[in-house]
Amino acid sequence: MKVAVVGATGMVGEVMLKVLAERDFPITELLLVASERSVGKKLAYKGQEHTIIGLADAVAKKPQIAIFSAGGDTSLEWAPKFAEAGTTVVDNSSAWRMDPTKKLVVPEINADVLTPEDKIIANPNCSTIQLVMALAPLHSKYKMKRVLVSTYQSVSGTGVKAVKQLENEMAGVDGEMAYPYPINRNALPHCDVFLENGYTKEEMKLAREPQKILDDRSFSISATAVRIPTAGGHSESVNVEFENDFELSDVRKILNDTPGVTVQDNPDTNTYPMPIYAHDKDEVFVGRIRRDESQRNSLNMWIVADNLRKGAATNAVQIAEYLVKNKLV
Ligand SMILES: NC(=O)c1ccc[n+]([C@@H]2O[C@H](COP(=O)([O-])OP(=O)(O)OC[C@H]3O[C@@H](n4cnc5c(N)ncnc54)[C@H](OP(=O)(O)O)[C@@H]3O)[C@@H](O)[C@H]2O)c1
């Protein structure tokens, strides 16, 4: 495969290269793409140096697959140009996710919707991916009615600039701000931009994307998304009301038997998921599984994953692997 990684110099791009190498993705030619600011710089892949090229040069080289992590505006402008050249684009931005003509895919859940005609495929939001990985198997068994989720999201979810802001604040150095306020020793109830309904765009992604991935609008989700000063890994406090009752032991077994999900749940040994343990792992970790004693058929749980891996790079590479395996590119 001739593969382009667009946004190769970014937070997600760096992990994308790591994941492609680890999984030994079948690459015959690798095109590393970033903004004009980075053209000519060098990046290594599997010990070999590659020179960063611009988007127009990459389109002209007609890669079979282009994995984009370069922001929504870049995707809106350039993904269609790659698609016209015959490239299949897997896009990490929010640009195409809710477009009814584009598929929104978490491979473990709905890769079977993909066809050779899908030339722009959307990777869901990082917080959405870890949420649906745990919700999907429980929804199949107990049917969800309503989900309430509060997120505790790391600065790496905002990109290089935000990680630098936290590092600067911790070192007592003045520098460029990615957020409107300090993030060190703080919690910002503000992820992505505010919308007219008072929610943030991140909160509405969490509300809408799971319905599209599960192809089911019969349940509703309400979210509060909070940025906290962790370097990597998003956490979520999740309350789910089901139509049908459950046994906690069955819930644990269902989650444990779900590929890509690991249960870490033992109060006796203080075992629960945390960002420092999820770091650099592909699984979604679930713990603090307990009955909500205030409401019928309701469950509380705590979900943690590495936002740069399963929340972004790993999920995108899994989509690309599915395309190759099923001869869709
Ligand atoms: N961080 C996460 O956890 C996460 C998770 C899921 C999805 N995403 C999405 O992935 C994308 C990248 O996020 P990130 O956190 O990696 O951001 P980032 O660290 O700021 O990196 C942005 C990347 O995009 C490139 N880029 C920016 N403008 C460009 C342009 N006009 N043309 C070509 N390349 C351009 C940058 O290249 P230069 O270095 O040359 O500026 C850099 O490689 C975003 O759409 C984000 O929403 C992020």
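User: What makes domain 1 and domain 2 count as being in contact?
Analyst: Contact requires heavy atoms within 4.5 Å, and 21 residues of domain 1 meet this criterion with 20 residues of domain 2. The model is predicted, with local features needing pLDDT of at least 70 and side-chain atom pairs pLDDT 80 or more, whereas totals for chains, interfaces and linings use all residues. Residues are numbered from 1 along each chain as its sequence is written, and side-chain values use heavy atoms, without hydrogens and water.

User: Where do the bounds of the two domains lie?
Analyst: Domain 1 spans 2-124 + 312-325 and domain 2 spans 127-307, as given by an automatic or database domain assignment. Their centres, taken over C-alpha atoms, are 25 Å apart.

User: How much area do domain 1 and domain 2 bury between them?
Analyst: About 1600 Å² is buried, 64% of it on carbon and sulfur atoms; this is the accessible area (1.4 Å probe) lost on putting the two parts together, summed over both. On the domain 1 side, M11, M98 and I109 lose the most area to domain 2, together 33% of what that side buries.

User: Why is the pairing of D282 and R23 called a salt bridge?
Analyst: The term requires a side-chain nitrogen of Lys or Arg within 4 Å of a carboxyl oxygen of Asp or Glu. The N to O distance for D282 and R23 is 4.0 Å, so the pair qualifies. Between domain 1 and domain 2, the count is 3 salt bridges.

User: Why is the second largest pocket said to lie between the domains?
Analyst: Both domain 1 and domain 2 give residues to its lining, so the pocket lies between them. Its 13 lining residues include M11, V15, H279, D280 and L308, which lie nearest its centre; lining residues have an atom within 4 Å of a point of the pocket, an open set on a 1 Å grid where a 1.4 Å probe fits, with protein on both sides within 12 Å along at least five of seven lines.
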